[in-house]
Amino acid sequence: MTTTTPGPSALRGAVGTAHTRIEGRDKVTGAARYAGEIPYPELAHGWLVLSTVARGRILDVETGPILAMPGVLTVLHHGNAPRLHTDYIGMLGVPPDPTSAVFQDDRVPFAGWPVALVVAETPEVAREAAEALVVTYEREPHDTELVAGHPGAYAADGHMPAETEKGDLEARLADSAFVVDEEYTTPEEQHSMMEPHAATARWDGGRLEVVDSNQGAGWVQSELATMFSLDASAVRVRSEHIGGGFGSKGLRAHQVSAVMAATALQRPVRVVLTRRQTFSLGGYRSPTAQRVRLGADPDGRLLALEHRSLNQTSTVYEFVEPSAGVARVMYDAEAHRTANHVVRLDVPSPTWMRAPGEAPGSFAVEVALDELAARAGLDPIDLRLRNEPEVGPVSGLPFSSRNLAACLHEGARRFGWADRDPRPGVRRDGRWLLGTGTAAASFGAGAAPSTALVTAEADGSFTVRITAADIGTGARTALTLIAADALETTPDRVRVRIGDSDFGPAMIAGGSMGTRSWAWAVTAAAADLRERLAMTTGIPPEGITVRSDTTEALGALAQKERHSYGAQFAEVAVDTATGEIRVRRMLGIFAAGRIVNPLTARNQLVGGMTWGISMALHEEAVRDRNTGGHYAPDLAGYHVATHADVPDIEADWVDDHDPDDPVGIKGVGEIGIVGAAAAVANAVHHATGVRHRHLPIRPDRVVAAAGSAGGAVDA
Amino acid sequence: MAPATSSTSSAITLNINGEKHHLPVDHRTTLLDALRERLDLTGTKKGCDQGQCGACTVLVDQRRAVSCLTLAVAAEGREITTIEGVAEGDELHPVQQAFLDLDGYQCGYCTPGQICSAIAVIEEHAAGRPSAVTEDLSPEAAPQPLTPEEIRERMSGNLCRCGAYVSIVRAVARAAEAHAETRTAGAKETTA
């Protein structure tokens, strides 16, 4: 094992010391096997067929000619698929998305809905047969366009109350010396993880085994067991290496259809989504239409704050992108009103995507604050510091630790903010206009019940088993360091095994809660084990194993506002003739609890900020109103930032302790994207004098704004 | 399984990582699928199957190629190097070592493609091939350094959705430095 910071880790503790990834060698040599890469004898290949209409009914699936093709084994569709149990609430407190419970009826609720699975001996034959399958539809008129004020919009709770309100908003706005009242939009965004969803299902001695790429093997196992009415012990899901998830990798059509086919054929079946299929089957971040109203007194203190957000969902599943949740923990005002609304359209079901709610919500709120600072003649950092709340603006609960101010101060110092000339549109470097911008960030620091098994082996080493998932976060390595410290040993004496539902229930890799939740369980089991070992003279050949369950400990944790914080800074160069925007540098300073592994934590934070650049400037999935489907649903049509778009981003952190949390971890997976797009957009305003309120800030938007009278018009 | 040779399939020999593999393939089979599905060389990844992401990058006669847009039958007679073939036994290639040391990845799925690309980038640059950001394109231009900007430009065909670009660029730069030192040392030896 290599440590980039030399030193005897046993003496200083492994946590807090940079450590290269446990599975790093496997990843750089190609030895790490992902879900679609494990060979099985008699493996059959499934290929999904998706609807070509955006709304209607399936009239006919012409399977005859397809089944006659050499190598085709079966065609599953609503006419022959087994009925599934879908009336349940899953582990994460939500019902299953019917998009995943495939082939249950003849309805088509959106373009790209799964209508059939063709299974064949080879992938080539499966693909040819799937493309040749004729499905006829009765087509119905569709509505796929999200617009502000859509008549179908309604208030929806999701994971938080739909609406909150205190004080007299209109009265306090009328009292305000400075007012901002603007609309902001963000587009449909796609997870676009590099590895498309893949699963192989097979029956092994009466037990269903699924090798899958997911963010929680126990989660997917429990959903599959419920859906197929199987005993939980009769289903095992493994997910060793995962090629990215970002919220997309839960129960999806690929696992369910693979299980159906493996059951029908009684042989292993693999289903891998194509890149194009991930656009309608993998979930996505809904577009949002937001309105922010801010009113402040002459000193910039907020008197009124309103944030309303509308997102779309499918007609079969309600998903709320809770953008209006941001101000509930970030900014207070005497009059404070927030609302999340949704509208059901003939579109695929959206889902969680890196910082759901916070990413689009922080764009609107943090740009609005920049606008308020400009109107009030205040520095944007001063404005935020003047509006630091004492307690949760909506909950009234104390903060466990709120180190936003420290992030803003440290970030400002390192970025050189003090020297900034606030006037927009006055700095030039050849053809480029230059500007800098900032934004604040927060993301919830939660934990969920988990179990862990820790074994003292007879040879003196330790084995940790937990149904954790390492989707690229470095969780496997982080848990190794945590276990080593908890067991008072060195990381090389600890073997951490994850990604197997047989290890027991545990939190998923999501909500920036994975490592905190798992670490808690591992620490608890390790403490128990040490007590047991203290009373034991020898270790039997099978070792000594203890199991922990954090349900009770988590229930006893005091109710507080628990969050990570951050301050984002960006410098951009804008060419208003071509519309090109280049991010020249970016700095993020975070208060994210105890940093377990600086090497991988920094990478996570920088990765989130990279997503912010991508969100600000590139990402936009565009839907064709006529067909109801996407234009170019692929990585050429949907742009994610690549090497040339990303400068040498810097991320760092301030000390951040949560005194009553035994693990002290807050999670670093999502805080990096929060506020990052706003910082870029605010820098574009500082560079050009044009306020962009609609993402992404495409070249045509920059050019159109510059072409308007004097270029000083808002876009 | 397809018959050895017919109007839709052929028996071919692929030279991969210095080893010859004889196999019958469907003519539609891509080099990527031949590697992953037929030869159990799953280190080469399928991110899009459309030549848009770079995850399937391999070296064909030492130059980078997206194996998803290369038919297996068209790869016959070529020298193919995949991620499984870049290390010298247990000793990692300097690019692999730099990715490992500097955390030039997260989920690891784009990594084999990034590494294969980076190996070729360093060679392309050392051979004097310019990129879109190379300032001096004149034939008499002195060798120019492989700056971070050059690396970013040349590596832009390889997407990393985790957003590990910053550490990937550092890893490529470190490996390039080691490569340049080796070349300089080699040149000195030759001169001496």
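This is a predicted model: local features need pLDDT of at least 70, side-chain atom pairs count only at pLDDT 80 or more; totals for chains, interfaces and linings use all residues.
Residues 29-141 of chain A first. Over this stretch the chain is 13% helix and 31% strand.

Now the domains of chain A. The assignment gives domain 1 as 9-32 + 448-551. Domain 2 is 357-447 + 557-709. Their C-alpha centres lie 34 Å apart. The contact between them takes 22 residues from domain 1 of chain A and 20 residues from domain 2 of chain A.

Which elements of domain 1 give two or more residues to that side? They are α13 (475-486) and α14 (514-534) of chain A. The largest share, six residues, comes from α14(A).

Next, a helix pair in chain A. Helix α10 covers residues 358-376, and helix α17 covers residues 676-688. They pack at an angle of about 35°, with axes 8 Å apart. The crossing of α10(A) and α17(A) is right-handed.

Who makes the contact? From α10(A), we have A:Ser362, A:Phe363, A:Glu366, A:Val367 and A:Asp370. From α17(A), we have A:Ala677, A:Ala678, A:Ala681, A:Asn682 and A:His685. By class, that contact of α10(A) with α17(A) has five nonpolar, three polar and two charged residues.

Over to chain B, and a sheet. Five strands form an open sheet here. The order is β2-β1-β5-β3-β4 (chain B), with mixed pairing. Which strands stand at the edges? They are β2 (19-26) and β4 (63-66) of chain B. Each has a single partner strand, so one side of each is left without a neighbour in the sheet. From one strand to the next, the twist averages 45°.

Zoom in on one pairing. Strand β3 (residues 57-60) of chain B runs antiparallel to strand β5 (residues 79-81) of chain B, and two bridges join them. For a specific pair, take B:Leu59: its bridge partner in β5(B) is B:Thr81.

Last item, the helix on this sheet. Helix α3 (residues 111-126) of chain B lies across β3 and β4 of chain B. Helix α3 runs at about 40° to β3(B). So β4 of chain B, an edge strand with a single partner strand in the sheet, is also one of the strands that α3 of chain B lies across.

Technical notes. Residues are numbered from 1 along each chain as its sequence is written. Chains are lettered from A and ligands numbered from 1 in the order in which they are written. Domain bounds come from an automatic or database domain assignment. Two residues are in contact if their C-beta atoms, placed from the backbone, lie within 7 Å. Helices (H or I, at least four residues) and strands (E, at least two) are DSSP runs, numbered from the N terminus. Two strands pair if DSSP finds at least two bridges between them. Axes are lines fitted to C-alpha atoms, for helices over the stretch in contact, and angles run from 0 to 180 degrees between N-to-C directions. A crossing is left-handed if the near helix is turned anticlockwise from the far one by less than a right angle, and right-handed if clockwise. Ala, Val, Leu, Ile, Met, Phe, Trp, Tyr, Cys and Pro count as nonpolar, Asp, Glu, Lys and Arg as charged, and the others, Gly among them, as polar.
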